[in-house]
Amino acid sequence: MKKNMQIEGLRGLACLMIVLFHIFYQYNVFCLGQDGPWLLKHWGEFGVGVFIFISGYYLIDFEKEQFSFLNFLKKRLLRLYPIYAVAVILIFVIRSFTQVSGFTAVTWKDLLLNLTLLNGYVDKPYIEPAHWYMTTLLRTIILAGVLQKYKLHKRTEVMGGLLCLIVALKVIQRITENVWVLLICRLILMFTGGAYTGVFVLAFMMRKLADCDNLKALWSEHKKELFVIALTIVYLIGLPGIIYTGIALCSGLVVYLCLYNKLPFLENKLFLAVSKISFAWYLIHQYVAYWVEETLGGKKQSLLPAIAAFIITGLMAVVLHNYVEKPLGKINRLCCQR
């Protein structure tokens, strides 16, 4: 599939919003115990929503008839895991020699759990707080792979059933005290997800309706899809709430506009440049930024330490992208061609 440059620019914008959210808003909340600038309060949710929408849209392929779940999983893990592992080790080393308010000391057990990605499924701390997204992304990849493996992605009702299953499991968790029932619910929810599964379903519906440009045909031929979209909105309102539902829908709208090349300003050099380092920047920015801010600014929010944190983490991302991500990407492409 040909690259859409507006989607690439949107990745860059989403990454900038997440980094700025953590540096200028979340640092205040997590390290200083006070509110950050109101304007930035939901930037992180919007940025992550955009990433999930983009991932969900491109993970499903309705045209491919022959599908190998193992090849699908291998291709994506080889793309994501090596740089993730490097980032985990790097932040582990940095945290071993530094301290930030609100962060406990890391151990070798934490490192092992993070490297195996098990910590996200057993409620153990992330060495780098932003890495919770990796757990969500892995869940999304596995879910997309299973759907395509058994050709369930062609059955719209399966997505609606998935949302109903998650709601039913969460209700059961609240009304039962049976240890085994709770364990089964937890295990299933590990791989079906929560709020962000709703975003994935919306992205799935967007992909399924991508070729429909006629409102009359949309209503007459895609009633199931429209029903699942409505069900998803109810699902999102019930889990994260109305505000996040609005953010998720806005994220989807922006992705949709980019798919049809309606936002040309996203093709500027800044957003495209950030897009290239966006994954590396996301993986290493949060703890390092907090440490820089606290070291230079003490127990208060200051503009210069925040700017320094932005620049330092950005430079680290450039190095990580050019000397780790790109070389590993070449190896990945060679492995996937075999």
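**Core, helix packing and a buried glutamate**

Glu294 lies in helix α13, which spans residues 286-297. The model described here is predicted. Glu294 has a relative accessible area of 15% and is therefore buried, since the cut-off for burial is under 20%. Beyond residues up to four places away in sequence, Glu294 touches Tyr27, Cys31, Gln99, Val100, Ser101 and Lys299.

The largest nonpolar core was examined next. This core holds 102 residues. The members that touch the most others are Leu10, Met159, Val255, Trp281 and Leu283. Helix α1, residues 5-32, supplies the largest share of the core, with 15 residues. In soluble globular proteins, nonpolar side chains tend to be buried together. Met159 is in contact with Leu147, Phe200, Val201, Phe204, Met205 and Val228, with neighbours within four places in sequence left aside.

Helix packing was examined for α8 and α11. Helix α8 covers residues 195-208, and helix α11 covers residues 242-259. Their axes lie 11 Å apart and meet at an angle of about 30 degrees. The two helices are therefore roughly parallel to each other, because angles under 35 degrees count as such. The crossing of α8 and α11 is right-handed. On the α8 side, the contact is made by Tyr196, Val199, Leu202 and Met206. On the α11 side, Tyr244, Ala248, Leu249, Gly252, Val255, Tyr256 and Leu259 take part. Ten residues of this contact are nonpolar, one is polar and none is charged.

Conventions
Residues are numbered from 1 along each chain as its sequence is written. This is a predicted model: local features need pLDDT of at least 70, side-chain atom pairs count only at pLDDT 80 or more; totals for chains, interfaces and linings use all residues. Side-chain values use heavy atoms; hydrogens and water are left out. A nonpolar core is a set of buried Ala, Val, Leu, Ile, Met, Phe, Trp, Tyr and Cys residues joined through side-chain atoms within 4.5 Å. Buried means under 20% relative accessible area, exposed over 50%, partly exposed in between (1.4 Å probe, protein chains only). Helices (H or I, at least four residues) and strands (E, at least two) are DSSP runs, numbered from the N terminus. Contact means heavy atoms within 4.5 Å. Axes are lines fitted to C-alpha atoms, for helices over the stretch in contact, and angles run from 0 to 180 degrees between N-to-C directions. Angles under 35 degrees count as roughly parallel, over 145 as roughly antiparallel, 65 to 115 as roughly perpendicular and the rest as oblique. A crossing is left-handed if the near helix is turned anticlockwise from the far one by less than a right angle, and right-handed if clockwise. Ala, Val, Leu, Ile, Met, Phe, Trp, Tyr, Cys and Pro count as nonpolar, Asp, Glu, Lys and Arg as charged, and the others, Gly among them, as polar.
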